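This report looks at how two protein chains meet and at a few residues that take part in the packing. It begins with the contact as a whole and then turns to single sites.

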Amino acid sequence: MTALFYVAAAIAILATVLVITRSNLVHALLYLVVSLFAVAVVFYTLGAPFVAALEVIVYAGAIMMLFVFAVMLLNVSADSPLRVPLSAWIGPLVLIAVLLAELIYGIGLSNHALAAGEVGPQQVSEALFGPYVLGVELASVLLLAALIGARHIAAQPDEAPAGGAEGDAADSGAGAEGGEA
Amino acid sequence: MAAVSLDHGLILAAILFVVGFVGLLTRRNLIVALACIEIMLNAAGLAFVVAGARWGSPDGQVMFLFVLAMAAAEVAVGLALAIRFRQSLGRLDLDDADEMKG
């Protein structure tokens with residue numbers, strides 16, 4: 001179990017670094033899927049199989065599918081790699097590295113072992129629908145608001161001049177949808 | 001079973017968060033910026049799960065579920081914004097959105 005954790009953690013870090021360095025958008029998203037799968041394995045080794053399954057289903061499944069659909073809809077494949085020159089962000093990078101080193105040092109001062117055994121779906125569900133039931137209701141309201149908001153934002157308003165993207169399939173579809181509504 | 005120490009899990013979460021943050025600072029593509037926010041939210045959720053596993057309590061996993069719902073809502077609105085961004089500005093470069101105009 002311990003070896004599984006470290007291998008999955010190394011894969012997660014490596015894949016995440018590749019996400020932010022690839023200039024091809026689709027390649028970056030594929031590495032992000034790999035990173036999310038690795039984090040799912042980490043969850044499993046930490047004794048949280050329910051969250052590991054949700055990570056694969058919701059993050060690597062639903063959310064990444066949204067990303068891939070957006071990339072296909074917007075027809076962007078390879079634009080804007082590292083636009084800011086290296087000399088501009090070498091300073092922030094060094095400062096962030098120092099902060100991260102401090103954080104790792106601070107965390108590493110104590111050595112706590114994790115509790116043995118796993119917390120299964122039953123315990124999580126009992127907590128979720130027991131003391132946290134108000135949070136579940138609020139999450140459902142949040143998701144509904146996001147759904148309505150996304151539809152409102154993405155719909156083409158009638159009076160807006162469709163600038164420069166008349167031939168786009170997404171544009172014409174959204175425009176027809178907004179026009180007839 | 002789980003002989004992983006709490007510190008290593010938290011360090012993994014910190015590293016993933018910082019990598020996502022560096023990506024958010026350095027990349028100017030809107031889709032990549034949204035993906036970096038996803039990485040950071042995922043790292044925060046990982047910290048919750050690790051802390052919950054420290055005491056064998058389900059609270060950390062419950063918090064991860066809330067983070068998951070928030071990330072899904074955020075990415076739905078963010079990608080809708082990306083569609084509007086592309087329609088009005090023609091590209092997905094965040095530097096293009098430097099003036100406030102309807």
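## The contact between the chains

In this predicted model, the contact draws 85 residues from chain A and 70 residues from chain B. Between them, chain A and chain B bury about 7,000 Å², and 75% of that area is on carbon and sulfur atoms. The count of salt bridges between chain A and chain B is 0, while the count of residue pairs in polar contact between these chains, both at pLDDT 80 or more, is 7.

On the side of chain A that touches chain B, the elements that give two or more residues are α1 (2–21), α2, α3 (49–74), α4 (86–108), α5 (121–128), α6 (133–154) and α7 (169–180) of chain A. Of these, α3(A) gives the most to that side, with 13 residues.

## The fold of chain A

Chain A has 7 helices and 0 strands, so that its elements, read from the N terminus, run α-α-α-α-α-α-α. Of the 181 residues in chain A, 34% count as buried. Among the contacts in chain A with a separation of 6 or more, 54% come from residues 24 or more positions apart.

## Aromatic pairs and a charge over a ring

Over all chains, the count of aromatic pairs comes to 3. One of them is formed by F5(A) and Y6(A), whose ring centres are 5.1 Å apart and whose planes stand at 80 degrees, so the pair is edge-to-face, given that planes over 60 degrees apart are counted in that way. The two partners can also be described by their accessibility: F5(A) counts as buried, at 1% relative accessibility, whereas Y6(A), with a relative accessible area of 37%, is partly exposed.

Another pair is made by F43(A) and F64(B), with ring centres 5.0 Å apart and planes at 70 degrees, so this pair is edge-to-face. Because F43(A) lies in helix α2 (residues 25–45) of chain A and F64(B) in helix α3 (residues 59–89) of chain B, the pair joins two chains. Both F43(A) and F64(B) are buried. In chain B, R54(B) lies over the face of W55(B), at 4.8 Å from the ring centre.

## F67(A) in helix α3

F67(A) is found in helix α3 of chain A, and at 0% relative accessibility F67(A) counts as buried, because buried means under 20% relative accessible area. When residues up to four places away in sequence are not counted, F67(A) touches L29(A) together with I31(B), L34(B), A35(B), E38(B), V75(B) and L79(B). F67(A) and L29(A) are 38 residues apart along the chain, and their C-alpha atoms are separated by 7.7 Å.

## T16(A) in helix α1

T16(A) lies in helix α1 of chain A and counts as buried, at 0% relative accessibility. Where does the side chain of T16(A) reach? The side chain of T16(A) reaches the backbone oxygen of A12(A), at 2.5 Å.

Leaving aside neighbours within four places in sequence, T16(A) is in contact with S35(A) and also with L16(B), V19(B) and I39(B).

Key
Residues are numbered from 1 along each chain as its sequence is written. Chains are lettered from A and ligands numbered from 1 in the order in which they are written. Side-chain values use heavy atoms; hydrogens and water are left out. Rings of Phe, Tyr and Trp (its six-membered ring) pair if their centres lie within 6.5 Å; planes under 30 degrees apart count as stacked, over 60 as edge-to-face and the rest as tilted. Buried means under 20% relative accessible area, exposed over 50%, partly exposed in between (1.4 Å probe, protein chains only). Helices (H or I, at least four residues) and strands (E, at least two) are DSSP runs, numbered from the N terminus. A charge sits over a ring if NZ of Lys or CZ of Arg is within 6 Å of the ring centre and within 35 degrees of the ring normal. Contact means heavy atoms within 4.5 Å. Buried area is the accessible area (1.4 Å probe) that two parts lose on being put together, summed over both. A salt bridge is a side-chain nitrogen of Lys or Arg within 4 Å of a carboxyl oxygen of Asp or Glu. A polar contact is a pair of N or O atoms within 3.5 Å; within protein, one must be able to donate a hydrogen and the other to accept it, and residues adjacent in sequence count only if both atoms are side-chain atoms.
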